[in-house]
Structure formats: structure tokens, C-alpha cells
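Hi,

Here is the structure I promised to pass on. Have a look at it first, and then read on for what turned up when I went through it.

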Amino acid sequence: MKKLILLMAAMTAPFSTPAAAQTAPHEAKAREIYARVISFRTAAGHKQTPAMVAYLIETLKAGGVPEADIATLDEEGERALIVRIPGRKPGRPILFSAHMDIVDARPEEWERDPFKLIEENGNFYGRGTSDNKAGVVALVSTILRIEAAQLKPARELVFAFVGDEETNMNTTRLIAAHPWVKNAEFAINTDAGGGILDETSGKPLIYLVQGAEKTYATFDVVVTNPGGHSSRPRADNAIYQLAHALERVEAYRFAVMANDLTRAYLGAVGKAQSGPVGEALRKFSADPTDAGAADELAKSPEFVGTTRTTCVATMLDAGHAENALPQTAKAAVNCRIFPGVAVDSVRDALVAAIADPGVKVTVRGKPDASPVSEMRPDVMAAITRAVHAHYPGVMVVPYLESGGTDGKVYRIAGIPTFATSGLFGKPSEMFAHGLNERIEVAAFYRGLDHIYRLAVDLGGARPGS
Ligand SMILES: [Zn+2]
């Protein structure tokens, strides 16, 4: 995952009561599972997801999950796991998802062993502590608690453990097509969404539920030229030609866009902000055709991405010798495309803006464009109840993510997906994918509780058969 930049990862929860929070038996069990799953180096190439799945299956069976309700899926040496809890009533299942794989960590660069769970100064340290093994443990813990309490959900609950979210998302595609999952009414993704704490006071400001992701696409912008000796400059030059093209990309503005989700998000953030940005947020939310408000938001790196497609030059590569005219000049232009906008139309817009047939623009790979998951009142209400259990009164709103999780795979497969980790953090504390990844101890336990509450609430779980 590459979460919303504001969010996640090192979760500080100043209002927590960790001493009390860690005494429950299910929390001790969750901590034990957490330590084991952190010990698996589930980075691409290490092929450790089969071993981690074997451990999870052993744990789940010991907790009472029948073999018939466990399935595994394999893709290129990585393994995914699916577990179901049958419902009392017929109906479409509800999916919960987390990913087991990690971005690799090199032990020699870390201050502590990244593959050992270390509790220190109120934090849990280790690779995957936040992204996304806390989510993995929250799902396992939820299943074990439901089994131990002999709760029976009205709706079938399906729990998915993805094996390659950080790379190919191939196991996510297999999960989405699996008979237990493909008919799911919606999905809860633990890998994004969360609360923002005020940087100085630590006060909870807002809780964000990820309901859509922008499409990530990179375009190669390339100029070629016969070149020659640098003592004999030609009228045309690949580097100058590319530079002119990039100036036009820089100046180009994609059309302002809005949908219900972004209007709700910007309006809610605007209520909490003062000054010209706050005013622009409120105006834009009320009327997305307000050009002045859109222009004001375009100046803000924090909000520009929520109002339009953005493209920016990120890499340059040109020439082959200091005394030769360049034969090739190329740039990478990375775009975050608004939901509903086709990748080809962005390429066409760049070509039109550059307006030079000598400049070639091609897309890298095959970007996935995913639809917006319209916010469901029942799901938002359940998430709000779970958030308010620990953070009373905090505003809960949907947001559009500029990064990317495998929620887009579920959305493309027709399963509306809402990412909600239950974790709160300060914008400055973002350790996912980086060195010395950590999560606040109390935040971890609250994250477990968040997912358990959602499963019980949304699934209609109650004692009995
Ligand atoms: Zn992730």
C-alpha cells in the first residue's frame, strides 16, 4: 500500500489507556500472533507467505475453524488464504481483507531487528507492524473471538489474506474471483483509512474512510534525433525539444472534477480549517464549478489531487556523451488520474498539450482504473460507531486516495470497498515502507477492536445457532 500521505503507520493515541487495554486474553493472544507474523520475511522474492499461511491455518484450526472453511490460493510461489464464517441466513457475504506481504527491510540498515516484534517506549517496532500485519492480526483475532464466543453472524463473513499486495496483486485477483468472495456485497479493507491527530495537541481531528483510489499511470515522453558532433549543433536538439514539451506539461491543467465522495471529504475538512484554504474547501464542496475556489485549492499540494487529475515530471534521461548531440531525451511523467477518467484520454491530453508530433508519449504497463465505491449509509454508520467507541464525536468522512491499495482490485471486480484501519496518527508520523517502522501499542489494540466491532455489527453476529 501507499496510503494517503497524511495518515497511518505510527499511530499515536494520547487518550489511550494501554495498561487496561492489554489485559484481555484475546489481546494477549493477538500480541503472540503479531510477534509470529512479524518474524516471517514476507517480502517479494523471499517466498515466505506459504510458511506464514501454514502458521495462520494452524492457529485458526486450534481456535475452532473447520478445515472446510479454509482455502488457499497460489500464484508464482506466493500464497493467499481465505477463511469463511458461515451466516445464519442466506445472502451475500461481507469480505474483510488484509495483506501479509511487506516491502523488504534490510536488517543492517535498521536500529532493531526488523523481523522481530520489539515493544519499546509505547511502540511496537518491526517491518509490517503498521503495513499491514496489524490488519492481518486484526482479522485473525476477530475470527478467533467470534469462534470463542460462539457468535453466529447473520451474514457470511469472509476474511482474505493477500500474498502480494505490495507488488503484483495477483493473489488479490485470485481472491476476488474465488467462489466464496466473488459475490461479496462489499469489502472492508484494513490497509488504508484512519484517523488524523492534531500535530501538536494530539487531539483527534477527523476519521477518513477510503472509498476510491486515483489511477496511477506513468507516461514516457521521448524525443529522438539523429544527433551528431557537439561542435556542429543542429537546429533541432532532442534535449531542447523535450524541455519545451515538459514546459507545456507543467503549464497544463486538467479539468476540475468532483463527485459525491470528494465533495463530502473537502467539505468536512473545510469545516475544520480556517483561512483562504478553508474557505475554498467549503465553497468548492458546495459548488464544484466555483473556479476561484478550484484555483485556490490547486495551489495546495494537500488538496489539488482531490480536485483533478494531476501529472508531473519525475525523471529525466538524455544524451550519451558530453561532446555529442543527444540522440535520445526522455522523461517520466507520473499521473494520478481522477476516478472515471480513462488512461488513454490522459495520454491524449498530454499529446495535445505538448503539440509537437516529434514527441512520443506512451504509457508504461497496463494501469488499473477502478471505480468509486459509493458510500453506503449502513457501512458508514457501522464505521462511525466503531470509531466513536474510542474517539467520541470525531467526524467520519470518505476520501479519495492518491496512492494505491489492492482495494482497487476488488472494486474493479465489482465489490465496493471501504478501507478503514481504525488506526489514528499524526501526519508527521508515517513509517510504512520506511526504516524503523512502528505503531503505537495502544493504537494496535484499538485497531483490533475496530475490526472486531465492524465484523460483529455489519455481520449481525449474535450468540446461538
Ligand atoms: Zn499495505
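Two cavities of 30 Å³ or more turn up in this predicted model. The largest cavity holds about 70 Å³ of space. It has 13 lining residues, and Ala134, Gly135, Thr190, Ser421 and Leu423 are the closest to its centre. Helices H4 and H13 (441-459) are the elements that give two or more residues to that lining, and H13 provides the largest share, four residues. By type, the lining of the largest cavity splits into six nonpolar, six polar and one charged.

The second largest cavity comes in at about 50 Å³. Its lining is made of Tyr207, Ala386, Val387, His390, Tyr391, Gly422, Phe424, Arg446 and His450. Here the elements giving two or more residues are helix H11 (377-388) and, again, H13. Five of the lining residues of the second largest cavity are nonpolar, three are polar and one is charged. If you wonder how such spaces are found: rolling a probe the size of a water molecule over the atoms shows where empty space is left.

On to the pockets, or at least one of them. The second largest pocket has a volume of about 390 Å³. Its lining counts 18 residues, with Thr167, Tyr216, Pro367, Asp368 and Lys408 the closest to the centre. Two elements, helix H5 (170-177) and strand S11 (215-224), each give two or more residues to this lining; S11 gives the most, with three.

S11 deserves a paragraph of its own. How many of its ten residues are buried? Seven are, so the strand is largely enclosed by the rest of the structure. S11 pairs with S15 in the antiparallel sense, over ten bridges, and within that pairing Asp220 has Ala332 of S15 as its bridge partner. S11 also pairs with strand S16 (residues 360-363), antiparallel as well, over four bridges. There, Val222 stands opposite Lys360.

S15 brings us to the cysteines. Searching the whole structure gives one disulfide. It is formed by Cys311 and Cys335, with the sulfur atoms 2.1 Å apart. The pair links distant parts of the chain, 24 residues apart: Cys311 sits in strand S13 (residues 310-318) and Cys335 in strand S15 (residues 328-337). Which hand does the disulfide have? The torsion about the S-S bond of Cys311 and Cys335 is about 115 degrees, so the disulfide is right-handed.

- Asp131 and Asn132 are joined by a cis peptide bond, with omega at about 5 degrees. Asn132 lies in the loop between strand S5 (123-125) and helix H4 (133-148), and H4 is one of the elements that line the largest cavity.
- Lys47 has a phi near 50 degrees, which is a positive value in a residue other than glycine. This lysine is in the loop between helix H2 (25-39) and helix H3 (49-62). Lys47 is partly exposed, with a relative accessible area of 44%.
- Met169 is not a glycine either, yet its phi is positive, at about 60 degrees. Met169 is in the loop between strand S7 (157-162) and H5. Is this methionine buried or exposed? With a relative accessibility of 5%, Met169 counts as buried.

Finally, the overall picture. The protein has 13 helices and 21 strands. Its radius of gyration is 24 Å, close to the 23 Å that the globule rule gives for 465 residues, so the protein is as compact as a globular protein of that length. The C-alpha trace spans about 85 × 50 × 45 Å along the principal axes. Of the 465 residues, 54% count as buried.

Cheers

Notes:
Residues are numbered from 1 along each chain as its sequence is written. This is a predicted model: local features need pLDDT of at least 70, side-chain atom pairs count only at pLDDT 80 or more; totals for chains, interfaces and linings use all residues. Side-chain values use heavy atoms; hydrogens and water are left out. On a 1 Å grid over the protein atoms alone, a cavity is a set of points where a 1.4 Å probe fits but cannot get out, and a pocket is an open set with protein on both sides within 12 Å along at least five of seven lines; lining residues have an atom within 4 Å of a point. Grid points are joined across faces, edges and corners, and a volume is the space filled by probe spheres set on the points. A disulfide is a pair of cysteine sulfur atoms within 2.5 Å. Buried means under 20% relative accessible area, exposed over 50%, partly exposed in between (1.4 Å probe, protein chains only). Two strands pair if DSSP finds at least two bridges between them. The radius of gyration is taken over C-alpha atoms; the globule rule is 2.2 Å times the number of residues to the power 0.38. Ala, Val, Leu, Ile, Met, Phe, Trp, Tyr, Cys and Pro count as nonpolar, Asp, Glu, Lys and Arg as charged, and the others, Gly among them, as polar.
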